[in-house]
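Grab a pencil and have a go at these exercises before reading the solutions.

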Amino acid sequence: MSQPVLSLQDVVVYQGNNAVLTNVNLEVNNGEFIYIIGKTGTGKSSFMKTLYGDLSLQEGKGTFVDYDLAKLKDKHIPHLRRKIGIVFQDFKLLPDRNVYDNLLFVLKATGWSGKREMESKIHEVLDKVGMKNAVHKMPHQISGGEQQRIAIARALLNDPELILADEPTGNLDPQTSVEVMQLLKEINNNGKTIIMATHDYALLMKFPAKTLKCDGGTLFEVVQRTV
C-alpha cells in the first residue's frame, strides 16, 4: 500500500492567532479528487495555505508530499511547491509578458535551464489544456476561462504529485466553470491527485467526488445530497 499523499492528525489550522479549524484528521491517497467546501471565512483558504506553506502548522501532525508540515522551514517551501501545482481564483498571470514567457518564468524559477527542454515542456502543457494557439498572446488578450487554462498549464509544468485548486472557478461564468472542471477531471482521470476548494455547489452536483466541509471550526466529510 502506497503512502498517502496527504496525512493530517489532530491538526489545528490557524489564521493569525485564531484557530479556524480544529481536530482535522484526513488522509488523501494518490489519484483522489477531493472538494473542500464551506462558506467564506470558514477556513477553506487557510487550510489550503497551510498545505502549501503560506501558513505554518502549529498544532498536530501533518505530512504532505513527503514533507513534515510541522517542521517546514522557509528554505523548504520552494522544494515543496515544486512537487505540487497550485491554481488560484485570480489566475496570477504576469500581465507584462505573453503566455510563453509566463510559463518560462516558472520553469526558470524552479531550476530548469535547457532551452530546448523548456520549450518542449511549455508546448506539452499548453497542448494538455487546449491552449497551444495562445502561446504568443498576452493575458489581457484572452478570456478569463482561457487564462485559467493557462494557470492550470502552469501548475502542470513540474509534473506535480498533486494539484491544489483554490476556488479555480470563482471568477468564471457558469459555462466556463464547467469547461474548467472538465479539464481538471480529465487531469485527475490521468492520475493526478486534486484537492479543490470551492463554493460552487452546482459543480459538485455535476462532477461528484468526495466532499469535505468546513463548518463550525471543523472539517468533515459530507454526503453530496446534504451539501
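Here come a few ground rules, then two exercises with worked solutions.

This is a predicted model, where local features need pLDDT of at least 70, side-chain atom pairs count only at pLDDT 80 or more, and totals for chains, interfaces and linings use all residues. Residues are numbered from 1 along each chain as its sequence is written, and side-chain values use heavy atoms, with hydrogens and water left out.

**Exercise 1.** Work out the strand order of the open sheet, and say which strands stand at the edges.

*Solution.* Step one: get the elements, which are DSSP runs numbered from the N terminus (helices: H or I, at least four residues; strands: E, at least two). Step two: pair strands if DSSP finds at least two bridges between them. That gives six strands in the order E6-E7-E8-E3-E9-E10, with mixed pairing. Step three: E6 (84-88) and E10 (218-222) each have a single partner strand, so one side of each is left without a neighbour in the sheet. Step four: zoom in on E9 (residues 210-215), which runs antiparallel to E10 and is joined to it by five bridges. There, Lys213 sits opposite Phe220 of E10.

**Exercise 2.** Is Gln147 buried or exposed, and which residues does Gln147 touch?

*Solution.* Next, its relative accessibility is 15%, so Gln147 counts as buried (under 20% relative accessible area; exposed is over 50%, partly exposed in between; 1.4 Å probe, protein chains only). Then list contacts (heavy atoms within 4.5 Å): not counting residues up to four places away in sequence, Gln147 touches Phe91, Leu93, Pro139 and Ile142. Finally, the Gln147 side chain reaches the backbone oxygen of Pro139 at 3.4 Å.

Conventions:
A polar contact is a pair of N or O atoms within 3.5 Å; within protein, one must be able to donate a hydrogen and the other to accept it, and residues adjacent in sequence count only if both atoms are side-chain atoms.
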